[in-house]
Amino acid sequence: MSSVWFILLLPLFGFLVLSVGSPLPKRAVAVLGPGVVGVAFTAAIVMFFWDYGRHGVTRDAVAYTWIVSGHFVVNFGALIDPLATVMCLIVTGVGFLILLYSVGYMSEDVDFRRFFCYMDLFVFAMLVLVLSDSYLFLLVGWAGVGLTSYLLIGFWYERPAAVAAARQALVVNVIGDWGMMVALFILFLHFHTLQYVPIFKHVPAVLGYDGSTVRIVTLLLLVGAVAKSAQLPLHVWLPNAMEGPTPVSALIHAATMVTAGVYLIARSYPLFHSAPFTQSVVIIIGTCGAFFAATCALANNDIKRVLAYSTMSQIAYMFVGVGAASYASGIFHLTTHAYFKACLFMGAGAVMHALHDNVDIRRMGGLKATMPVTFWCFLIATMAISGVPLLSGFFSKDEIVGSVYLQAQHVGWLWIIWIMLALTAGLTALYMFRLLFMVFLGQERDPELALHAHDPPLVMRLPMMILAVLAVIGGYLAFPGAPNWIGNWLRHSFERFSPVAPAEPATQWASVIIVILTVALGIFAAYRIYYQRRPAPEQVGATAPAIYRLFLNRWYVDGLYDRAVVRPIIVLGLFLSTVVERFVINGLVEGSAAALRDSSRDMRRVQSGYVRNYALSILLGAVLVVGYYVFRR
Amino acid sequence: MTIHLTAADYGAVLPIMIVLGGALCLLLTDAFVKVHETEIATGISLATLLLAFAASAHLWAVNAGPAFPQGAGAMITGDRFGQFFNFALLLSSALAILIAPPYIRTSHFDAGEFLSLILFATAGMMLMAASLNLMVIFLSIELLSLALYILSGFDRNRPRSQEAGFKYFLLSSFASAFLIYGMALIYGATGSTNLIRIVNVLGGHAGTVASTHTVLSSPFVLIGIALMAVGFAFKLSIVPFHMWTPDVYQGAPTPVTAFMSVATKAAVFPAFLRVFNLALGAESHRWFGILWALAIVTMIVGNVLALSQSSMKRLLAYSGIAHAGYVLVAMSANNRLGATAVAFYFIVYAFMNIGAFALVLVLESRGEAGDEIATYRGLFARSPLLAVATGVFMFSLAGFPPTAGFFAKYYAFAAAVQAGHTELAIIGVITSVISLGYYLRVVVLMFMQPVEAGAEQVRAGPLSDFMLTASVAGLFVVGLVPWFYNLAVQAVQSFFHFTT
């Protein structure tokens, strides 16, 4: 039996045991919850070496066929290739560290067991998503992570804000699921299967290059990816999802689930490759999203929401990477992002723990002295995400920006994209260092709040430190100039089907140097404004009031959605529920139900209880059956 | 005439002999054991069933392939089709016996006598599933019915039980007359009671005196088919021969109801299939119209009447009528998928239907009015396991994926579609929707209604807990793992004439 089944089934086992294990002591939950994911991670490492030892050979592991109905065949199967393996390692590895962190973070919560129960279910669903060998089970995992995300955002269900955020996330994700499903219907119509391999092998033959069908399919898949990955224009749920516990934000809304959209596009690369129009759309959505989210992060004062916008911005970079057919660079950035963003969220969680769940950075400051470990981890992760040279984010982001730079030599409009990406890199440095300076350096603004601030316990410190180390060394998987190790390995996934994805480009030094300069400028600006001058936020706004208000109000997108979409739908819903539901639907449904009930009651009277009547019924039946032959002849 | 019996012949009857032997042992226990009688008798019966299961599994392993391993002069066969139904029968017998002990104790039944009758009935059913001759079919139907009459009226202190036993006896005898008359007519027309010979005569392979056409169009054969259909339909509680069902189910002791609701059908359907799909299979156009109409009426009447029941046992009786209709849909398709669907159905049905009766039984053993659906209000708070398990059984009976109940129904309707009778599948699906009206009512009462103040916790006991957990697990495993379905596919190889 392949180790892949262990990877899959262990978190499921953890979920099942935890869901019925109400008598389990807290200690057992604390061991079992993260433990199963840890063992799954070990199994993933085994699978990794197994496959890499066989030169990254891809293979399909089919457990068995579940349903056969005409063309429609459902296998329980896994597609194991470098892409799936990388995702698997991130989900189980980072997942294990975050679950470990949660043992400390959630230790005071009364619903300790329920938390780990959901988290294990999430890891299982995410693994189904990345390991599936067909779009069908991808969708199962897709919906599964959506469900667990909903459950975990609303984990503290007594808070109205958390419930509202959970509902919003679910509704937006359902829009994406709709797109996915329609895309799958169209795929099934043309390929008579939902298995990846037969679809991908025949994409050019069946759908052609740049045909309208492949355009529609990829655009619909993109709707799903955009909703899941919180990209423009379906991004509004992600900042609000920060109402959930911080480990949830770290695992689901930073490291893994929100990157599923990137995975989907990378996985479906033969489809996207045949649809250059959609690829352009992906690039544009990504670029606009990266810039938009960076500006929102710049003005926001909630430590977790700043990180949420930064997540959106970084995923937007990944979108540009996979949109520009530089799939390996997109996945590479996904990997490094998982490290440093999880580390940042852990740091934010530690700060919130120390400051009684306060999230307003205007009341923070000077925490470096009281929380040194958290500060250093946060600093490293901030440098990594900003793209400071020689840290992981630098390598992965530069690969994406560089591949756009290279393609811009041939396609003119990509220069605009490249400029915006370079600019956003500078903005990233600015908002991240703003966050760092305001939280950890300078004077403490609210001494009373920070009275008992201290570093978190070891069980929370350790995962944070490990991730900080990974945030430093993670980039050396693809050192510029040296052999691009991760790129070469992932190529096995992207060379399997025609058309073959282009090789990863060589390092574009001109692009690298310009990006380094903008990053340096961003850090310098943050240093001048938020370290040396340390103005009140109102003062920052005063210098550029209009544009500051624009950023602070998230470009008024949320308000626009509220007016243009949410409120009309609520009005429509009220109309439907009061008028249509009451008079039309209820009339039909309850009318037919009542008719059935009445006929049931009438028919009951025949059941008199007398044997003679029953025998008569048998006799009549027999006469009818025999009569059938008499009259048929 | 000397009867020469080979080892293979003995092998074919071995599972049945084991069950009969176990039943005799139980009667002896009754005579000698005075303390812990219920526990010992339960243990003996479960051990007997396990042993018979092993013997049946051995026969399965030995008798591969489509040929008929014929035992005892082609009266009965040890083929895989029969063994598969033996599995279902032994399973339902074991599940019913697992939940019976508390009820036996509260009703002061004689455990040895009671359980031995269940084993006798089981033996008759197994004989029926293995029979290859009209005479054996009739004999075994009487064997199982006799035991069931007594079991239905076993509670001598309760007039309802007595009434049930007597009603069942009277009406069943009436219906048996139709069956034997039909068999006699078929014998008269074909000159044989052996199913294989009937196939040969009707199919014109044997070079018989009468030409095939004359035999087939003779009124003897046609009326024979009609009367046999009536006889089988009574046992399967097909509308309009169903009226005994709710009364008997409600009056009989609950473990008996649980047992007979599944096992009787699991015994009669294989014989029904052997007679109609095998012996008369090539002539399906001559009987399809009857079964088509019966299936439709049965699905509609069963589901609609179940809606207005306030007694759980009557509700499950009508639900059982409806399910007989679904299985009839599969059978009337007269193809390989249909026969497979029938076989597969009863493995699933054993888990979900006997499980559904467990709730009634557990509450009745505590002296509560477990038959009244109203008593299930807020049951989840009183016994989470019982409520969750019953919820799963209800969803499975209603046909929700991924429970096995969905797949059982799916294959049954798929067979009809494959045979070109989509209308049967459509009516089946519509009536399944109606069935939600009563299955979900139970679920709503258990989970969404507040429990009455002062209601006690319900403990089902270790054996019942095991049975409930195993049934729930069984429903998910059978649904998710195709191994069981593949087993059913192998079982129908006896129907060698199916081309699709």
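Mentor: The lining of the second largest pocket has 11 nonpolar, two polar and four charged residues. Here Ala, Val, Leu, Ile, Met, Phe, Trp, Tyr, Cys and Pro count as nonpolar, Asp, Glu, Lys and Arg as charged, and the others, Gly among them, as polar. The model is predicted, so local features need pLDDT of at least 70 and side-chain atom pairs pLDDT 80 or more, while totals for chains, interfaces and linings use all residues. Residues are numbered from 1 along each chain as written, chains are lettered from A and ligands numbered from 1 in written order, and side-chain values use heavy atoms, without hydrogens or water.

The space in this pocket comes to about 630 Å³ (the volume filled by probe spheres set on grid points joined across faces, edges and corners). Its lining comprises 17 residues, and Gln168(A), Val171(A), Val172(A), Val565(A) and Val566(A) are the closest to the pocket centre. A pocket is an open set of points on a 1 Å grid over the protein atoms alone where a 1.4 Å probe fits, with protein on both sides within 12 Å along at least five of seven lines; lining residues have an atom within 4 Å of a point.

In chain A, helix H6 (160–191) and helix H26 (557–604) are the elements that give two or more residues to this lining. H26(A) gives the most, with seven residues. Helices are DSSP runs of H or I, at least four residues, numbered from the N terminus.

As for position, the pocket lies between domain 1 (1–180 + 219–268) and domain 3 (559–632) of chain A, because both give residues to its lining. The domain bounds come from an automatic or database assignment.
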